[in-house]
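Student: I have a structure open and would like to learn how to read it. Can we go through it feature by feature?

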Amino acid sequence: MNIKDVYVADVNRYDNGMIYERCGKSGVKLPKISLGFWHNFGGIDSYERSRSIVRHAFDHGITHLDLANNYGPPYGSAEETMGRLMKEDFAPYRDELFISSKAGYDMWPGPYGNWGSRKYLMASLDQSLRRMNLEYVDLFYSHRFDPETPIEETLQAMVDIVRQGKALYLGISRWPLEALRKAIDYLAARDTPLLIYQDRLNLIDHQPMDSGQIELCASRGVGFISFSPLAQGLLTNRYLNGIPEDSRMATKACLNSDQLTPELMAQLRQWNSEAASQGISLAEKALLWVLQQQSVTSVIVGASSMKQLDDNLGTLKYL
Ligand SMILES: NC(=O)c1ccc[n+]([C@@H]2O[C@H](COP(=O)([O-])OP(=O)(O)OC[C@H]3O[C@@H](n4cnc5c(N)ncnc54)[C@H](OP(=O)(O)O)[C@@H]3O)[C@@H](O)[C@H]2O)c1
């Protein structure tokens, strides 16, 4: 390995403006801005670009990296990227990182590679740990609610995962309110309290606020973390003048150009000019809005370049 490739983290990484917030009523603090591996860190992406983004993130105090078994594409490959990064760059920093993974969506064929059975969750986490070169994850999530598996089976599997030492904390993503309430009770009664709830919250989509999950979390000492705080890039300057060729909308199925309705474009332009009159960017306005909501612990941003991540980190100076 070329000596220049040896990563030494910035000695000022905790003095670069990052703010850490206690996650609910737990002992853990999370950075206000976390980094997600859903896109841009898969097997189809340039490893060196992914690596530069993650190094830059850690050098700026982003200690929380959010993954899932199926991030890529292909499935599993974002965790493989993380595994390579652990081996090549981050092994000396393992105890400074808070790494999450999830299981809940289709991952492998057959009846045991999807949803919320004990069989699936246990096997999936073992696979995730192997891919990431980790002995444990800091946080393991149920990625979605399974209406067919008894809720106790899913939750007990999660409790046992903590007891086995394969995860330190538990999280839940995108569960309906009543199921979330049951989960909080079940996990608290077994001394493995729910650390955090993850859902989409941004200027366009207020769903976990409107359906009560955020209020429930706040009242029960559970943290809240928002995914897609920039609405996959809609809430940035990315689409204000058309659809760039290298953008998520042009290259990925998860963001469809049908979403860019004239009404939404008008709203985005209005937010953009409001932001400009405050001397900030649309992305900063969008991230500030989420981070200023009560009980929001952190936002998980995605980034396809170091520059985007830097722009997003700029939000911290207004908090
Ligand atoms: N629990 C769940 O079910 C769930 C679901 C979705 C996501 N997540 C988590 O949340 C993370 C973030 O989701 P997301 O990627 O949708 O987040 P996002 O931050 O809303 O969108 C990220 C995308 O926005 C664009 N972007 C970001 N910063 C920009 C900037 N400053 N200027 C211009 N464009 C910018 C980039 O698009 P381009 O790629 O076009 O450059 C980037 O890939 C995921 O990685 C994952 O960890 C969880």
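Tutor: Start with the ligand. By class, the shell around it holds 10 nonpolar, 16 polar and five charged residues. Keep in mind that this is a predicted model.

Student: How many residues surround the ligand, and which are the closest?

Tutor: The shell has 31 residues. G36, W38, F227, G233 and G302 are the closest.

Student: Which element gives the largest share of the shell?

Tutor: That is α11, with three residues. Strand β10 (298-301) and helix α11 (306-313) each supply at least two.

Student: Now the strands. Why is β6 described as largely enclosed?

Tutor: Count neighbours residue by residue. A residue is buried if 20 or more other C-beta atoms lie within 10 Å of its own. In β6 (residues 137-142), six of the six residues are buried, so the rest of the structure largely encloses this strand.

Student: In which sense does β6 pair with β5, parallel or antiparallel?

Tutor: Parallel, with four bridges joining the two strands. The unit made by β5, α3 and β6 is a right-handed β-α-β unit.

Student: And how many bridges link β6 and β7?

Tutor: Five, again in the parallel sense. There V137 has A167 of β7 as its bridge partner. The chain leaves β6, passes through helix α4 (residues 151-163) and reaches β7 in a right-handed β-α-β crossover.

Student: What should I know about side chains along a strand?

Tutor: In a regular strand they alternate between the two faces of the sheet.

Student: On to the backbone. Where are the cis peptide bonds?

Tutor: Check omega. Another joins P73 and P74, with omega about -10°. P73 sits in the loop between β4 (64-66) and α2 (77-90), and P74 is found in that loop too.

Student: Which residues other than glycine have a positive phi?

Tutor: W115 is one of them, with phi near 70°. R174 also has a positive phi, about 55°. W115 lies in the loop between β5 (98-103) and α3 (118-132). R174 is in the loop between β7 (167-173) and α5 (177-189).

Student: Is W115 buried or exposed?

Tutor: W115 counts as buried because it has 23 C-beta neighbours inside 10 Å. R174 has 19 other C-beta atoms within 10 Å, so it is partly exposed.

Key
Residues numbered from 1 in each chain as written. Predicted model: local features only at pLDDT ≥ 70, side-chain atom pairs only at ≥ 80, totals over all residues. Buried ≥ 20, exposed ≤ 12 C-beta atoms within 10 Å, placed from the backbone. Near = placed C-beta within 6 Å. Nonpolar A, V, L, I, M, F, W, Y, C, P; charged D, E, K, R; others polar. Pairing = 2+ DSSP bridges. Right-handed = clockwise from strand over helix to strand, strands pointing away.
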